[in-house]
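Please keep the sequence and the structure in view while following the points below.

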Amino acid sequence: MQIELPVVPDTTLIRKYGVAGSRYTSYPSALNFNDGVGNAAFEETVQTSNDELIPAPLSLYVHIPFCRSLCYYCGCNKRVTRNPAVVSGYLAVLATEIARKGVLFDTDRPVEQLHFGGGTPTYLDAMQRAGVMNALARHFDLSSGPSRDFSIEVDPRTVLAQELSQLAALGFNRVSFGVQDTNPGVQRAINRTHSVADLAILVAAARRYGLKTVSFDLIYGLPEQTPDSFEETLASVVALDPDSLSVFSYAHLPHLFPAQKMLAKQDLPDADSRLTMFATAIDFLQAEGYEYIGMDHFARPGSHLAKARDTHDLHRCFQGYASGGRCDTLGLGVSAISRIGDAYFQNDKDLRGYATAIEQGKYAVARGYQLTAEDRRIATVINELMCYGSIDTDAWNRTYEGYFQAFFADELQALEALSADGLVVVDGQRISVTATGRLFLRNIARCFDRQACAQAGHYSSTV
């Protein structure tokens with residue numbers, strides 16, 4: 001499904017909407033989680049979900065926080081170490097958490113999705129990866145069917161081609177390569193160097209060993225990047241024919257992520273250049289046959305994301321865009337976030353605190369959030385806008401037995417300014433994002449956010 005290409009707006013509009021705002025990987029944002037939702041609530045919520053007439057299938061997220069070197073742009077929860085004792089100790093704690101949480105879930109709830117994130121999941125060696133997967137298989141019903149979605153993030157600097165055969169043997173059928181940029185100057189600036197030739201070898205191996213979906217992650221807004229250099233990066237990665245690409249905007253928050261202090265703000269592209277890079281990505285990738293999925297994802301027709309969009313199964317989550325919105329998500333590992341029913345639960349973000357909690361027989365849940373009826377109504381609107389670029393207000397009325405225009409009277413008033421600027425069209429029965437409005441999707445969703453955190457410094461710029 002091709003979309004009308006956006007035209008980069010003038011500087012006045014960019015400055016007007018360049019405010020701090022959530023990426024809406026959840027609603028409410030994780031900044032709204034609180035420590036009043038903890039271990040007891042987690043156990044009770046899981047039991048309630050088991051008692052549903054048709055319990056939801058499961059999606060597991062496993063966090064591997066370790067890295068061998070520091071990438072200067074990174075805002076993930078990570079630990080740079082080369083100490084094998086630290087890693088083996090963490091894996092022992094993780095295995096205990098898997099066993100403890102596994103017994104809470106009824107055995108008739110298959111795991112349809114699995115994602116290893118980090119950090120660097122491929123920091124683990126073959127034996128360690130197999131150990132984690134074996135622990136999961138002992139305590140959960142891991143699907144072996146062709147429709148399963150088992151993915152792992154791969155740093156191309158950390159694996160050899162033959163290692164991809166083990167990932168396939170363990171049940172993974174999707175790999176996401178962290179490319180970020182292929183320009184040598186940009187790579188040196190962010191301390192993450194690897195060659196396109198080496199990446200091509202890994203992609204060929206992934207195909208050869210039966211990993212059916214290959215994805216690339218790119219970042220725009222990095223030092224040394226220009227619109228022209230980023231178009232060259234796009235050309236170099238499209239030549240490898242990935243099934244999907246994520247094209248993320250770099251979020252410069254050095255007060256939150258110390259590694260980013262290595263990047264001087266004055267060396268970063270300005271807002272005009274960043275928007276030009278993203279508009280270029282939309283133009284270039286659509287010309288190469290990719291479809292625009294949501295805010296920052298692109299996929300080949302027939303890929304898992306394109307199918308999810310076409311079947312209305314696309315949703316926002318902490319990994320970005322994903323299929324399987326019907327699943328309950330269980331997060332495992334330090335800082336991992338679960339969503340069970342209408343509640344979020346986040347594990348302790350501190351490695352020592354996480355380990356101590358598990359060793360004390362707890363679930364390591366440090367904070368969370370229980371959605372209210374109002375939250376659920378708002379979350380639906382934000383998800384529809386972020387995933388599909390529109391919301392059918394009549395359908396919302398039928399689902400929630402309410403009246404959209406009355407419930408969102410203030411929000412509709414806030415949208416008037418965005419409508420006047422050509423970013424959104426409100427016609428009574430539908431709110432639709434325009435082509436240019438897709439560049440400001442976070443601003444549009446923000447109009448509906450009644451839980452917007454006052455800590456603006458914790459959010460990146462929406463532009």
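Helix 10 gives the most to the lining of the second largest pocket, namely three residues. The model is a predicted one, in which local features need pLDDT of at least 70 and side-chain atom pairs count only at pLDDT 80 or more, while totals for chains, interfaces and linings use all residues. Residues are numbered from 1 along each chain as its sequence is written, and side-chain values use heavy atoms, with hydrogens and water left out. Helices (H or I, at least four residues) and strands (E, at least two) are DSSP runs numbered from the N terminus.

**The second largest pocket**

- The second largest pocket holds about 440 Å³ of space, a volume being the space filled by probe spheres set on grid points that are joined across faces, edges and corners.
- The 20 lining residues include Ser-147, Arg-148, Asp-149, His-304 and Ser-323, which are the closest to the centre of this pocket.
- A pocket is an open set of points on a 1 Å grid over the protein atoms alone, where a 1.4 Å probe fits, with protein on both sides within 12 Å along at least five of seven lines; lining residues have an atom within 4 Å of a point.
- Strand 4 (111–118) and helix 10 (304–310) each supply at least two residues of the lining.

**Gln-346**

- Gln-346 belongs to strand 15, which covers residues 343–347.
- Why does Gln-346 count as buried? Its relative accessibility is 6%, and buried means under 20% relative accessible area, exposed over 50% and partly exposed in between (1.4 Å probe, protein chains only).
- The side chain of Gln-346 makes a polar contact with the side chain of Arg-367 at 2.5 Å. Such a contact is a pair of N or O atoms within 3.5 Å; within protein, one must be able to donate a hydrogen and the other to accept it, and residues adjacent in sequence count only if both atoms are side-chain atoms.
- The side chain of Gln-346 also reaches the backbone oxygen of Ser-335, at 3.1 Å.

**Val-426**

- Val-426 is placed in strand 18 (residues 424–426).
- With a relative accessible area of 40%, Val-426 is partly exposed.
- Leaving aside neighbours within four places in sequence, Val-426 is in contact (heavy atoms within 4.5 Å) with Leu-412, Leu-415 and Ile-431.
- Val-426 and Thr-436 are 10 residues apart along the chain, and their C-alpha atoms are separated by 15 Å.
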